[in-house]
Each structure stands twice: as C-alpha cells, then as structure tokens.
Amino acid sequence: MSTAEPILLTPGPLTTSARTRQAMMVDWGSWDDRFNQLTASLCEQLLAIINGADTHHCVPLQGSGTFAVEAAIGTLVPRDGKVLVLINGAYGKRLAKICEVLGRSFSTFETAEDEPTTAADVDRLLQADPSITHIALIHCETSTGILNPLSEIAQVIAQHGKRLIIDAMSSFGALPVDAQQVPFDALIAASGKCLEGVPGMGFVFARKESLANAGGNSHSLAMDLFDQHTYMAKTGQWRFTPPTHVVAALHEALLQYNEEGGLPARHQRYADNCRVLLDDMAQLGLRSFLPAVIQAPIIVTFHAPKDPRYQFKEFYERVKAKGFILYPGKLTQVDTFRVGCIGHVNPPEMHAAVAAIAEVLQEMEVLEI
Ligand SMILES: Cc1ncc(COP(=O)(O)O)c(C=O)c1O
C-alpha cells in the first residue's frame with residue numbers, strides 16, 4: 001500500500017500541486033488591499049483565457065460550480081424568459097432542474113448519452129419555438145465525458161438572435177473558447193477543475209450589456225450576479241465573506257498555468273493523459289463508452305467488466321490502496337466507471353494507474369472483461 005496521498009483521477013476536486021496547496025498557508029483579510037488586488041488579478045487572468053476582457057465581465061461567486069450555474073440562470077434569464085435546455089447527461093438534467101426550481105419557463109431537448117446535440121437540432125428547435133429567449137448547453141458533459149459542438153451551436157443561436165448560457169465547468173481552461181469567435185451571454189466554470197485550483201468558488205463570464213440589464217432578475221440575494229458585480233466594481237471587494245484561501249490557491253494555480261504554456265499546454269497534457277489511459281486500458285480489454293471523435297480529454301467512461309467477481313466498491317478500494325482514486329459511473333442503463341484525465345497529473349501517473357487497475361483485476365480474479 002502506498003503511503004503518499006492517493007492521486008485523484010476524478011473530475012474535481014482533483015490533484016493539485018504542492019505549490020497551489022502551499023498558497024493556502026496565509027490568512028488574508030477580506031478588506032485588505034492586497035487581497036482585493038489578488039481578486040482583481042484573478043479576474044483579469046481568467047478573462048484573458050477566453051479573450052473576453054472587452055466584451056465580458058468575470059463575476060466570481062462563493063460556492064461549488066452549481067451555485068454559479070444557478071446564479072447565472074437566475075440573474076441573466078429575465079423572469080418572463082424561456083430557456084431551451086440541451087441535455088445528454090446528468091449535468092444537462094441539472095440545468096433543467098435549476099430552471100424548474102427558479103420558476104423559469106423552459107423546454108428540454110434530450111439526446112442519448114453518447115450522442116452530441118447538433119447545431120441542426122438547435123436550428124430546428126429555435127424555428128419551432130420563437131418564445132425561447134435563452135439556450136443552456138453543457139460543453140463537456142462530465143457524466144460521460146462527451147463533447148458537445150459548442151462553436152457550431154453558438155453560431156446558430158446568434159443567427160436566431162437568441163442568447164447562450166454555457167456550463168463549461170469541466171472544460172474551461174483546457175478546451176479553447178474565444179469570446180470574440182463564440183457568441184455567448186454567460187460561460188460558467190469553477191476553481192477546482194482544469195485550472196487545478198481547489199474547490200470553493202465558481203465564476204461567470206457575463207456579457208457586459210446583458211449583465212447591465214439584469215438588475216432585479218434574480219430570485220436570490222446571495223446569488224445575484226448583478227449585485228455581486230456592482231459591489232465588486234465599486235469597492236474591489238467581494239459582497240459577502242470571500243473564500244480567501246481558495247482565491248489565493250487559484251491565483252497561484254493560474255501562475256503555474258501560464259508558466260506551463262497556458263491553454264494549449266494544458267490541453268496537450270490532458271490529451272496525452274487521455275491517450276495513455278485509453279491505449280493502456282484497451283490493452284487490458286477495457287472498452288470506453290464513447291467513440292474517440294466525441295470523447296473530450298477530461299474524463300473517460302469505461303464499460304465495467306462483465307465478470308460477476310467485479311464489484312465497483314471492492315475494485316475502487318483496492319485501486320485506492322495502490323494510490324489512485326477512480327470515479328463511479330453515472331449512467332443508468334449501462335454499468336460503467338470513470339477515470340479522469342485532469343489535475344496535476346502526467347502520462348507516467350496514467351500508466352501507473354492502469355498498471356494498478358490491471359493488478360487489482362488479477363487479484364479479484366476478474367477474467368471476463
Ligand atoms: C458539467 C458540470 N456542471 C456542473 C458541475 C457542478 O458541480 P458542483 O456543484 O458539484 O461543483 C460539474 C461538476 O463536476 C460539472 O462537471
């Protein structure tokens with residue numbers, strides 16, 4: 001059994017660098033100028049990743065990723081708006097649930113979990129229902145790892161004069177999105193994903209005019225991004241207690257992100273991790289759920305072995321004892337498990353993880369894959 005902390009091969013929280021964790025060893029005063037500068041620098045660096053400084057504001061928000069998604073929908077969709085929610089997995093279903101809870105009118109379009117939504121689908125749906133004002137889309141649907149064709153869908157939405165809200169939680173920072181090429185009203189992500197910070201805050205890139213017109217839309221005091229932004233623009237401070245250590249860790253993680261070579265380098269490392277994972281698992285006979293063309297290099301879903309001696313819980317515990325944390329499957333119809341490619345990990349760790357999986361399958365006498 002390994003004595004070091006296990007490596008997280010999950011979609012977040014994920015493995016962070018020692019330098020990022022070290023950045024949390026300082027206590028910051030929320031009123032302090034130095035902390036306000038940290039927040040401002042964070043927002044500036046985040047906007048640079050999407051080339052969005054001219055067109056979008058970055059509005060950070062305390063909480064997990066879902067808080068930011070809920071805040072974006074609640075703030076940017078007017079109470080008489082209507083959202084078309086595009087679904088091919090659990091996070092898409094969560095978007096619909098958020099609309100329901102917020103009392104926003106919505107309709108859904110669902111494809112199979114291994115079938116991306118297409119621009120043609122969206123074109124047809126928008127022609128059929130002119131009352132739709134906003135479209136909500138998951139970029140990489142983390143419940144499988146499927147990538148939806150964001151650019152094409154965004155173009156069609158713009159041609160119809162409608163507004164796009166993107167949940168890019170598990171893709172932001174690794175998969176390119178240029179705010180000047182891909183029209184959107186909101187793109188949402190969080191600290192503890194591909195930027196390799198720790199969890200605890202989300203952020204929303206909101207189109208400047210849309211945010212300026214969003215006063216009074218929100219159902220919530222704490223999750224009103226209009227108020228959050230207005231207060232921060234005026235004072236440089238967070239409106240309510242900021243997650244100071246999370247901000248400091250994300251700032252440090254961003255320094256490393258830029259030192260590594262920014263988005264192209266991060267994308268390449270994750271793509272390398274993903275390729276090693278797929279190749280090595282294929283050698284064991286373990287098949288991925290998605291075809292390669294729609295697989296994002298973020299997280300991979302594998303079919304569980306058919307052998308009755310395979311039980312996920314025991315498999316998980318044994319692989320963990322060898323130093324790697326895997327993730328359960330999230331599909332209802334097919335028995336699967338997931339392995340993440342993101343975090344402060346490199347191809348050698350991916351090789352080692354699959355070697356651990358091979359040993360465990362042998363120990364469990366799982367023969368039928
Ligand atoms: C696509 C997507 N949306 C939203 C979330 C938000 O989840 P949470 O609130 O657990 O951070 C996640 C988390 O992994 C995600 O992958």
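Helices (H or I, at least four residues) and strands (E, at least two) are runs assigned by DSSP and numbered from the N terminus. The structure described here is a predicted model, in which local features need pLDDT of at least 70, side-chain atom pairs count only at pLDDT 80 or more, and totals for chains, interfaces and linings use all residues. Residue numbers start from 1 along each chain, following the sequence as written.

Helix H5 (residues 119–128) packs against helix H6 (residues 150–159) at an angle of about 20°, and their axes are 8 Å apart. Axes here are lines fitted to C-alpha atoms, for helices over the stretch in contact, and angles run from 0 to 180 degrees between N-to-C directions. That angle is why H5 counts as roughly parallel to H6. The cut-offs are simple enough: under 35 degrees is roughly parallel, over 145 roughly antiparallel, 65 to 115 roughly perpendicular, and the rest oblique. H5 and H6 cross in the right-handed sense; a crossing is right-handed if the near helix is turned clockwise from the far one by less than a right angle, and left-handed if anticlockwise. On the H5 side the contact uses Ala119, Val122 and Asp123, and on the H6 side Glu152, Ile153, Gln155, Val156 and Ile157. Two residues are in contact if their C-beta atoms, placed from the backbone, lie within 7 Å. Sorted by class, the contact of H5 with H6 has 5 nonpolar, 1 polar and 2 charged residues. In this sorting, Ala, Val, Leu, Ile, Met, Phe, Trp, Tyr, Cys and Pro are nonpolar, Asp, Glu, Lys and Arg are charged, and the others, Gly among them, are polar.

Next come the sheets. Strands of a sheet pair through backbone hydrogen bonds, either parallel or antiparallel. Two strands pair if DSSP finds at least two bridges between them. Strand E9 (residues 186–190) and strand E10 (residues 201–207) run antiparallel and are joined by 5 bridges, with Ala189 opposite Phe203 in E10.

The crossing of H3 and H4 is right-handed. In the contact, Thr66, Val69, Glu70, Ile73 and Gly74 of H3 meet Arg94, Leu95, Ile98, Cys99 and Leu102 of H4. These residues of the contact of H3 with H4 divide into 6 nonpolar, 2 polar and 2 charged.

H3 turns up again around the ligand. The ligand is surrounded by 13 residues, and the closest are Ser64, Gly65, Thr66, Thr142 and Met169. A residue counts as near a molecule or strand if its C-beta atom, placed from the backbone, lies within 6 Å of it. Helix H3 (residues 65–76) gives the largest share of the shell, 3 residues. By class, the shell has 6 nonpolar, 6 polar and 1 charged residues.

E13 pairs with strand E14 (residues 336–340) in the antiparallel sense over 2 bridges, and Pro328 has Phe337 in E14 as its bridge partner.

Another helix pair is formed by helix H11 (residues 312–321) and helix H12 (residues 347–363), whose axes come within 9 Å and cross at roughly 130°. That makes H11 oblique to H12.

A cis peptide bond, with omega about 0°, joins Gly12 and Pro13, and Pro13 is found in the loop between strand E1 (7–8) and helix H1 (18–22). Asn51 has a positive phi, near 55°, in a residue other than glycine.
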